[in-house]
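Open the model in your viewer and keep the sequence beside it. The tour below tells you what to select at each stop and what is there.

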Amino acid sequence: MTHSPEQWRALATQLRADSIRCTTAAGSGHPTSSMSAADLMAVLLADHLHYDFNDPHNLRNDRLIFSKGHAAPLLYAMFKAAGAITDEELMSLRKFGSRLEGHPVPLLPYVDVATGSLGQGLPAAVGIAFSAKYLDKLPLKVWVLLGDSEMAEGSNYEALQIGSHYQLNNIIAILDMNRLGQRGPTMLQWHGEVYAERVRAFGWHAILVDGHDVEAIHRAYSEAESADRPTMIIAKTLKGAGVSFLADKEGWHGRALPAADAERALAELGNPKGDIRVQVQSHRPGEPAPLGEPKPFQPPQYEIGSLVATREAYGDALRALGVAKPQVVALDGEVGNSTFSEKFMKAYPERFFEVYIAEQQLVSAAVGLQVMKKVPFASTFAAFFTRAYDQIRMAAISRANINLVGSHAGVSIGEDGPSQMGLEDLAMMRAICGSTVLYPSCAVTAAHLTAQMATRAGINYMRTTREKTPVIYGPNESFPIGGCKVLRASANDVACVIGAGITLHEALKAYEILKAEGLSVRVIDLYSVKPIDATTLRQAAAECQNRIVVAEDHWPQGGLGDAVLDVFSAPDVSCPKMKRLAVTEMPGSGKPQELLDAAGISAPFIAEAVRSLMQ
C-alpha cells in the first residue's frame with residue numbers, strides 16, 4: 001500500500017532532523033547537503049526501494065548508491081528509519097571506531113561501494129546493472145543519488161554513454177539539483193533543462209521534477225521504473241531545505257550547526273520525535289539465472305623455449321577460467337586484441353563487456369560487478385590505468401575484489417613511443433592499500449598467476465609484456481603469490497641479479513656473459529612484487545657477498561628496485577650493496593632491443609653493474 005503525502009513529508013522531516021542532530025553531535029559533516037534530498041529519499045525509502053535489510057547481500061535487492069557521499073548523514077538517517085541501525089549508532093557519526101564514517105564505506109553491509117570522491121556512483125551502478133540485466137536476469141533497480149556539482153565530472157559522462165549503449169533501463173539516477181556547491185553556485189545552478197538536454201543526448205530518459213513535491217517525486221519514480229532506457233530524474237531542490245536560515249544560503253556547505261543553531265533548526269522542523277520506522281519493501285521477485293557448474297582449472301600448456309607473450313598467456317588463462325569459474329567476467333577498454341581478453345570474449349560473449357576507451361568506467365564497472373558476486377578481470381594498456389587511478393584508490397576503500405591487467409608495459413613495447421609505455425604502473429599499484437602486484441616473465445607464470453587472482457581478495461594487478469619471450473618453466477611449476485623463483489644459483493655467486501618481465505630474460509643473458517668470464521651470479525625471477533619474498537631475497541644477499549643488482553623496465557621510483565630496497569629497510573637487517581638499473585630518461589620510438597639498450601637495462605648493462613659492485 002502506498003504511503004500518503006503526509007507520511008512522506010513526516011519521514012522527510014525526520015530525515016532532516018536526524019541529519020542535523022548527528023552532525024551537530026559530531027561537530028562536522030554536511031547537514032545542508034543532506035536536507036536538500038530528504039523528500040527524494042523519503043519517498044524512495046517508503047514506497048519504491050525494494051531491499052531486505054536482514055539480507056543486504058541478496059542479489060535480488062535493489063541497490064542504492066549515494067554518489068554524493070558527503071550526504072552520508074541522510075543515508076544513515078534512512079538506515080535508522082528502516083530499523084537497520086539504532087539512534088545511538090546514528091549519533092556515533094564520524095567518531096573513531098564507528099561504522100558511520102564521514103563518507104559511506106562498506107563497513108556497513110547496506111553500503112555496496114565507497115563514495116566521497118565524486119563522479120563514481122553512477123559508473124559503479126553501470127557494473128551492478130550489467131550483472132543484474134545481462135547475467136543474473138533480475139528485475140532489480142539501481143538507484144543513484146547524484147549531486148549537481150559532480151555533474152562536472154567526466155566519469156559521469158562515461159557512465160551516461162555506456163549506460164545508454166547497453167540500454168541499462170535498470171538504472172535510475174536522481175540528480176539533487178540544489179544549486180549550491182562547496183564554495184558557491186554550481187555551473188548550471190537551477191537550469192534543469194540543460195541537464196535534461198545533456199542526458200537525452202546520451203540516450204537517457206530525463207524527468208524534471210520539484211524535489212520537494214512528494215507526490216511529483218512519487219510519479220517520477222513510477223515513470224522511471226517502467227522506462228525502456230536508463231533514467232535521470234532532475235530534481236530542483238533547496239540546499240538546507242526545511243529550515244529558513246539554511247535554505248539556499250551560501251556558506252553552510254560542510255558545516256555542522258552549532259548547538260544553539262541546531263536547536264533553532266529542530267524547532268522549525270517541529271522537533272520531530274524521530275520514532276518513525278518504515279517497513280521497506282522486500283527484494284524484488286525472481287531468482288538469479290544459473291551461472292553453471294565450476295570445473296577444475298586447466299592451465300594452458302606451453303613448450304619450454306617457445307616464444308609466447310605474457311599478455312597472450314593471460315588471454316589463454318582467462319579463457320580457461322571461463323570454464324572453471326562461471327562467476328568470471330571480463331571487461332576491456334577497446335584493446336582486447338592487444339590485451340588478448342578477446343579470447344575470453346569469443347568463448348563467452350555473454351560474460352564480456354566492452355567498455356571502449358573509458359578507463360574510469362572500466363574500473364568502476366568492475367567494482368559494480370563484484371558487488372553482484374562476480375569475479376571481474378578488467379584489462380587495458382598499463383599506461384591507461386593511470387586515467388583511472390582515483391577509481392582504483394576508491395575501489396580499495398570499497399574493499400572491492402577486482403583484477404586489473406595492464407599490458408604493453410615499459411620501453412620494450414618498441415616503436416609506439418612513451419605515450420603507450422606503462423612506466424609508472426608498478427609504483428601506483430604498489431601504493432594501493434592491500435594490493436597485490438604481479439609481474440610474470442613467462443607464459444606459464446602468467447597463466448598460473450591469472451588463476452590465482454580469481455580467488456584472491458583485494459585489488460590485484462598483473463603487468464604483462466608486449467614482446468614474445470621464451471617459456472622458461474615446465475607445466476608442473478607452482479608460483480605462489482608472495483614467492484619468487486631462483487633460476488641460477490651456486491655456492492660461488494658473486495652477486496644476485498633480480499629481474500621481472502622483460503628484464504628477467506636480460507638477466508639470464510647477463511648470466512651467460514658473466515659465466516664466460518668465470519663469474520657466477522644468482523638470478524631471481526621476482527614475479528610477485530607485492531607481497532614480496534623477503535626471506536629468499538635476504539638469504540640471496542647473504543649468500544651472494546651482499547651484492548644485488550635490480551633491473552627493471554620502469555621508472556626508478558616505486559618499482560622493483562624500491563620493492564627490493566624495502567626488504568632491507570628493517571632496523572635489524574643489513575643492507576647490501578645495490579645497483580639499480582631503471583628507465584631514467586624519457587624514451588622515444590625504436591626497436592625493443594634498441595630501447596632496452598638506450599635505457600641501460602639490457603644484458604650488457606646488467607653484467608657491467610655486477611662488475612662495478614666487485615670493484
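Start by selecting helix H21, residues 592–599, where the buried residues are Pro592, Leu595, Leu596 and Ala599. They sit on the same side of H21, because they cover an arc of only 100 degrees around the axis, the arc being that of the directions from the helix axis to the C-beta atoms. An α-helix has 3.6 residues a turn, so residues three or four places apart point the same way. Buried means under 20% relative accessible area, exposed means over 50%, and partly exposed lies in between (1.4 Å probe, protein chains only). Helices (H or I, at least four residues) and strands (E, at least two) are DSSP runs, numbered from the N terminus.

This is a predicted model, in which local features need pLDDT of at least 70 and side-chain atom pairs count only at pLDDT 80 or more, while totals for chains, interfaces and linings use all residues. Residues are numbered from 1 along each chain as its sequence is written, and side-chain values use heavy atoms, with hydrogens and water left out.

**A covered strand**

Select strand E7, residues 328–332: five of its five residues are buried. Val328, Ala330 and Asp332 lie on one side, and Val329 and Leu331 on the other. In a regular strand the side chains alternate between the two faces of the sheet.

Show strand E9 (residues 375–381) as well; E7 and E9 pair in the parallel sense over five bridges. Two strands pair if DSSP finds at least two bridges between them. Strand E8 (residues 352–354) also runs parallel to E7, joined to it by three bridges. Asp332 has a bridge partner in each of these strands: Ser379 in E9 and Glu354 in E8.

**A parallel sheet**

Next, display the open sheet of five strands in the order E1-E2-E3-E5-E4, where the pairing is parallel. Strand E1 (63–66) and strand E4 (205–210) are at the edges with a single partner strand each, so one side of each has no neighbour in the sheet. Inside the sheet, six bridges join strand E2 (residues 142–147) to strand E3 (residues 171–177). Pick Leu146 and look for its bridge partner in E3, which is Leu175.

**Two helices**

Which helix packs with helix H3 (residues 38–48) at an angle of about 55 degrees? The partner is helix H9 (residues 214–225), and the axes are 9 Å apart. Axes are lines fitted to C-alpha atoms, for helices over the stretch in contact, and angles run from 0 to 180 degrees between N-to-C directions. H3 and H9 are therefore oblique to each other; angles under 35 degrees count as roughly parallel, over 145 as roughly antiparallel, 65 to 115 as roughly perpendicular and the rest as oblique. Residues making the contact include Leu40 and Leu44 of H3 and Ile217 and Tyr221 of H9. Contact means heavy atoms within 4.5 Å.

**A buried glutamine**

Finish at Gln361 in helix H14 (residues 359–371). Is Gln361 buried or exposed? Gln361 is buried, with a relative accessible area of 1%. Leaving aside neighbours within four places in sequence, Gln361 is in contact with Pro123, Val126, Glu158, Ala159, Ile162 and Val355.
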